[in-house]
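Me: Hi! I've got a model open and would like to talk it through with you. Could you take a look?
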Amino acid sequence: MKLRGLRLDSHKSRPLERPIRVVPPPATLVLALDQGSGEDALPVVRPGDSVRTGSVVAAASGAAAALHSPVSGTVREIAVRPTPRGASRCIVIENDGRDDPVAPAAPVDWRAMEGTALIEHVAAAGTAGLGGAAFPSATKLALARAADAELLLLNGAECEPWICCDAALMRERAADVVLGAQVMLAASGAQRCLIAIEDDKPEAIAAIQSAARAATDERIEVRVLPAVFPLGAEGPLVAAVTGREVPHDGWPPQVGVVCQNVGTAAAVARLVQDGRPVTTRIVTVTGSGVKQPANVEACIGTPVGELVAACGGYTAEGARRIAGGSLTGRSLAGDDVPVTKGVNCILLATDADLPARAAEMPCIRCGDCATVCPAGLLPQQLHVAARSDDSAALARFGLSACIECGCCDYVCPSAIPLTVRFRAARERQHLADLERRRAREAKARYERHQRRLAEQAEAEREAFDDARRRARGPDSGGR
Amino acid sequence: MDAALAQPPHVIAGFTVPRVMFQVLGALLPVLAVQIHLFGLRPLLLVAVAAIVALACEALALHLRQRSVRPSLRDGSVLVTAALLALAVPPTLPLWQLALGATVAVLLAKHAYGGLGQNPFNPAMVGYAVLLVSFPLEMTRWPAPGGAWDAMTGATALDTLRTGLRQSYTMQEIQAGPAFGHIGATGGEWINLAALAGGLYLLARRIVRWHIPLAMLAGIAVPAALFHVFDPGAHASASFHLAAGATMLGAFFIATDPVSAATSDRGRLVYGAGIGLLTWIIRAWGAFPDGVAFAVLIMNLAVPLIDRYTVPRIYGHSG
């Protein structure tokens, strides 16, 4: 598989000039039930309940990991609030400032534990993909175990411009990353671990290499990759490191790989060190819209505005707020939006950082988009298919393989918003599928109903015939 | 859209269609320079007339189609069409005929199909083909290099070759004639060299990619070389074909028009090779002296089919 993508200005150096700062827990925390995976966790507290630091407030459900309170205090309400993904139900907690833990810190004796028991620990701690997807890590580890995956692939590529929380983590807490790798090797049953880092992060590479040497674990190695966006996305990463492709309808464990983010590994390390669940994460706060760009460690649920305040506040120029990087980040409605496990970066971008798009022009089929598409698609053809909403053509040109990285938009000389169109087309296809399935089910229901009515009528007729035969008496048969 | 809630990606590179088009125009300058050197200032006049007519037609079409006129006029695409047409026709062509060709190219080949990005056929080549079938004499007489533009005109090297072979002259006799230069046609070989230089610039600037030019040149050179080896008396060499007619202009500037070309890398190889092969076939056996225009138009017809069968393999999908 050819590596396709973009070589971009990284814009990562300014936040990395300073060490990671810890943001104190705010007075009010907003814990989104959807931490970034698109699915809600199930709340287990009610308004008025008191919670302690580390107590479970929402249970895991499908693609949502469990959620814990980062502070002690009181649940004020459970209500829909703006979140990085739009809006979702959130548990709002008033911090009492006492930081009263639900259980004393206690290390986990992970070396003595079975893999499955370790996976349960990881699940109970609410560990989710801190790279941005916030998918439950334990589910991935369990899939890897079931599929006998041989390779644990730790993703420290961090390919998207502006985001550098993983780079900061690897520089400052390399030992945590390596310990987390060891724990996840034990949990997944994989034989070796590659930590993939792009070559624009020499300090992180050196730090991880020396931590791996210090741990004297030969199973763990650093794999240096070229700095190409979107190499840090799961599919392209697996292809770049192993040469294998994740099947379009499958998971990485099917090709012997389990991917985890380096931040997730560090979270697992803290879990085994003192038994604490995931209640904080490192977030890059950057862009020309903030006075002192930095990486901060903040409680999940901290409003974005508090992060900006911890970095010296806003600069004079007005700035757009984006959760994530310049290519795939989501625009935020305001600065009361809370940090979730999936928020790796808050980009406060001025017009100088992200110039406005030129006006859209017609597609000239130049094919520049196809040369950068990491999924090997022909965006120029998908564009035509999406415009006419031709589902057969959308399927033939592989809409479902689009990872929405935005590379095609980036190079398009006609400034066509391709990614937006593809997402919309996908949503329309999804709705149409749903509609078709409903229609099919309704038809089946109707047919069953008709059959039942017919059977009932048949039974009634037979009963009637029987009754008539009986009424005519025994001699009726001889007529 | 509200900029504050814009959709990702939030930044794009800012390569623009006008920038692409003006680079192409820039890359055509060597061809124009060589033509001016060979034929005097007349080629420049042709380019100017074609450009003015094409711009006027573009403005008219946009006005009739109720589109905003200015951004489309500024995108430069219509200038590329005009320049290609003006540089492909003989400099002696009457101006009104050139104007007619430019009008057909812009109004019929481009805007009748929906304007920029929608035309299935290369507009410049539609204009050229219409002129060729309408005014065959004017379209096939090129001036002798160096002379005043109307001093003497003669058949092109490709034309001389074709008629000479039909009249049973030997290849040596034919190629001793004044229309032949060192490797290709007199003058024509320099025009081809200039087009090659402009084409290499476009390749270096990644305005065009290598697939179509290389496939087209191979599509001409491979059959030409094979037939020349087995029957040198009846077939000119590959180097002659590469340096004669509109070979290089076609390979780098005409066949590479992305709108009317196949769109995947593999598709472009098929498309380019098809144009090359058809060009050579028309030159070797056809009724017209040069085949580039018709080869391009025929392969334009085949583009939907080529695109259908050359969809690249998608990540995570086998086969």
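Me: Thanks! How do strand S5 and S6 of chain A pair, and over how many bridges?
Reply: This is a predicted model. In it, strand S5 of chain A, residues 56–59, pairs with S6(A) in the antiparallel sense, over 2 bridges.

Me: And which residue in S6(A) is the bridge partner of Ala58(A)?
Reply: That would be Leu67(A).

Me: What sheet do those strands belong to, and in what order do they come?
Reply: They are part of an open sheet of 3 strands in chain A, ordered S3-S5-S6, with antiparallel pairing. Strand S3 (42–43) and strand S6 (67–68) of chain A sit at the edges, and each of them pairs on one side only.

Me: OK, zooming out. How many helices and strands does chain A have?
Reply: Chain A has 13 helices and 17 strands. Its C-alpha trace spans about 110 × 65 × 50 Å along the principal axes.

Me: What share of chain A counts as buried?
Reply: Of its 479 residues, 54% count as buried.

Me: Switching to domains: where do they run in chain A?
Reply: The domain assignment gives domain 1 as 15–22 + 107–281 and domain 2 as 357–479. Their C-alpha centres are 38 Å apart.

Me: How many residues of domain 1 of chain A are in contact with domain 2?
Reply: In chain A, 6 residues of domain 1 are in contact with 6 residues of domain 2. On the domain 1 side, the touching residues comprise 4 nonpolar and 2 polar ones, with no charged residues.

Technical notes:
Residues are numbered from 1 along each chain as its sequence is written. Chains are lettered from A and ligands numbered from 1 in the order in which they are written. This is a predicted model: local features need pLDDT of at least 70, side-chain atom pairs count only at pLDDT 80 or more; totals for chains, interfaces and linings use all residues. Domain bounds come from an automatic or database domain assignment. Two residues are in contact if their C-beta atoms, placed from the backbone, lie within 7 Å. Ala, Val, Leu, Ile, Met, Phe, Trp, Tyr, Cys and Pro count as nonpolar, Asp, Glu, Lys and Arg as charged, and the others, Gly among them, as polar. Two strands pair if DSSP finds at least two bridges between them. Helices (H or I, at least four residues) and strands (E, at least two) are DSSP runs, numbered from the N terminus. A residue is buried if 20 or more other C-beta atoms lie within 10 Å of its own, exposed if 12 or fewer, and partly exposed in between; C-beta atoms are placed from the backbone.
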